[in-house]
Amino acid sequence: MKRFLSGMLCILLILTCLPGCGQETQEGLGNGWEPIDSMELLYAQCFSVDYYQEGYKLISIQDGGRFLVVPEGKEVPRGIARDIVPLYQPLNRIYLAATSAMCLFDALERLDAIRLSGTRQDGWYVESAVQAMERGDILYAGKYNEPDYEMILDNHCDLAVESTMIGHASDVKEKLETLKIPVLVDHSSTEPHPLGRTEWIRLYAALLNEEEKAEQVFQEQVKHLTDVADAEPTGKTVVFFHISSSGFVVTRRTGDYVSKMIELAGGKYAFDNLGDPDKVGSTVTVEMETFYNVAKDADYVIYNSTIGGEIKDMEEFLGLSDVLKNFKAVKNGNVWCTSRNMFQEAMKLGQMIADFHEMLTSTDPNLTQLTYMYKLQ
């Protein structure tokens, strides 16, 4: 009996010390404080924000940790759970390695909060970011997997915002945390709804006390979606792709956010079952023959021309591959190109859905230019 009780005691002790048990996984702050309010999210499912007394905010990210935003001049409350990382306001020396988040800071008019970039100046399509780097307000501090730790420390970085790509460079995350630099991983790319990506502006607003501004600009994108939400499906099929320098077609996985935007706009993504739905990646590389068998009959082609350089006209487009001339969309004059890097335009996904809808429904033969696309002549 004693041996049995001793064994049970050992098991209980082990369970108490396991990661995910005890204080580390308590809901809330773990110190008895109760939230006085919570952010009501419309589409985002990968984060939450709870508001506490005296201006404290708890940000919880799916598979990405928990962070307590500490108001300027205040201390971390006693007794909070040990897994919670404090972020001290004002946060104005951020190292931004999550490229898709730049447009969200820009929409908040708070690029002043970013001091360091993981993308060089010539890699940005966000004009305000380009200008900020030209002025020296934002400095290049190395890409996400090769950051300049010395520069990061010299600039007193108070937060590193990383994309999920940091999972391929876990040693970098560990190094930053060893240097006492909090690391927040942006999981917007895993949001199931396109506007879930856009709604991450509300998380960054919570860091900067810009919730009112975020609500305003986010609702503008929601309106674009609601304006087309009640429209009948057009039945028109669409393909979205670009051709790599090696001649392979890079298209979108069925069910990714671009294919969902096409469907929300009233179209039908031409590929019913392309790619592994259990994988996070949004693109699928296929041989031209495989792509051609489906894409040749699509009603509309959207070419992602910002990857390898914008396509000027139909002649240049047809020069990419001999088989393109046989596409139904080419014969009917329904070939469109993206005019900006969509990955860096997460703040405008509602507008992009509206563009897709207008492309699919307009009867104007002179329509050649939309906000984020242009028609090849």
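**Pockets, helix packing and local geometry**

Student: What is the volume of the largest pocket?
Tutor: The model is a predicted one. In this model the largest pocket has a volume of about 1100 Å³.

Student: Which residues lie closest to the centre of the largest pocket?
Tutor: The lining of this pocket counts 39 residues. Strand 10 (183–186), strand 11 (237–243), strand 12 (249–252) and helix 9 (257–264) each give at least two of the lining residues. Closest to the centre are Ser163, Thr164, Met165, Ser189 and Phe343.

Student: How many residues of the lining of the largest pocket are charged?
Tutor: The lining divides by residue class into 14 nonpolar and 20 polar residues. The remaining class, charged, has five.

Student: Which element gives the largest share of the lining of the second largest pocket?
Tutor: The second largest pocket has a volume of about 310 Å³, and 16 residues line it, with Phe67, Val85, Lys173, Glu177 and Val183 nearest its centre. Two or more lining residues come from each of strand 4 (65–70), strand 5 (84–88), helix 5 (170–178) and strand 10. The largest share is three residues, and the element that supplies it is strand 4.

Student: How many residues of the lining of the second largest pocket are polar?
Tutor: Seven of the lining residues are nonpolar and seven are charged. The polar residues number two.

Student: Are helix 8 and helix 13 roughly parallel or antiparallel?
Tutor: Helix 8 (residues 211–229) packs on helix 13 (residues 349–361) with the axes 7 Å apart and an angle of about 25° between them. Angles under 35 degrees count as roughly parallel. Helix 8 and helix 13 are therefore roughly parallel.

Student: Which residues of helix 13 meet helix 8?
Tutor: Helix 8 passes helix 13 in a left-handed crossing. The residues in this contact are five nonpolar, five polar and no charged. From helix 8 come Gln221, His224, Leu225 and Val228, and the residues they meet in helix 13 are Leu349, Gly350, Gln351, Ile353, Ala354 and His357.

Student: Why are helix 7 and helix 8 called roughly antiparallel?
Tutor: The axes of helix 7 (residues 201–208) and helix 8 come within 8 Å. An angle over 145 degrees counts as roughly antiparallel. Helix 7 and helix 8 are therefore roughly antiparallel, as they cross at roughly 160°.

Student: How many charged residues take part in the contact of helix 7 with helix 8?
Tutor: The crossing of helix 7 and helix 8 is right-handed. Ile201, Arg202, Ala205 and Ala206 of helix 7 make the contact with Glu211, Ala214, Glu215, Val217 and Phe218 of helix 8. This set holds six nonpolar residues and no polar ones, and the charged residues number three.

Student: What is the C-alpha to C-alpha distance between Lys375 and Trp336?
Tutor: Lys375 belongs to strand 17 (residues 373–375). Leaving out residues up to four places away in sequence, Lys375 touches Gly333, Asn334, Val335, Trp336, Leu367 and Thr368. Lys375 and Trp336 are 39 residues apart in sequence, and their C-alpha to C-alpha distance is 4.3 Å.

Student: What is omega for the cis peptide bond between Gln89 and Pro90?
Tutor: Pro90 sits in the loop between strand 5 and strand 6 (94–96). The cis bond joins Gln89 to Pro90, with omega about 5°.

Student: What is the phi of Glu54?
Tutor: Glu54 is in the loop between strand 2 (47–51) and strand 3 (57–61). Although Glu54 is not a glycine, its phi is positive, at about 65°.

Note on methods. Residues are numbered from 1 along each chain as its sequence is written. This is a predicted model: local features need pLDDT of at least 70, side-chain atom pairs count only at pLDDT 80 or more; totals for chains, interfaces and linings use all residues. Side-chain values use heavy atoms; hydrogens and water are left out. Axes are lines fitted to C-alpha atoms, for helices over the stretch in contact, and angles run from 0 to 180 degrees between N-to-C directions. Helices (H or I, at least four residues) and strands (E, at least two) are DSSP runs, numbered from the N terminus. Angles under 35 degrees count as roughly parallel, over 145 as roughly antiparallel, 65 to 115 as roughly perpendicular and the rest as oblique. A crossing is left-handed if the near helix is turned anticlockwise from the far one by less than a right angle, and right-handed if clockwise. Contact means heavy atoms within 4.5 Å. Ala, Val, Leu, Ile, Met, Phe, Trp, Tyr, Cys and Pro count as nonpolar, Asp, Glu, Lys and Arg as charged, and the others, Gly among them, as polar. On a 1 Å grid over the protein atoms alone, a cavity is a set of points where a 1.4 Å probe fits but cannot get out, and a pocket is an open set with protein on both sides within 12 Å along at least five of seven lines; lining residues have an atom within 4 Å of a point. Grid points are joined across faces, edges and corners, and a volume is the space filled by probe spheres set on the points.
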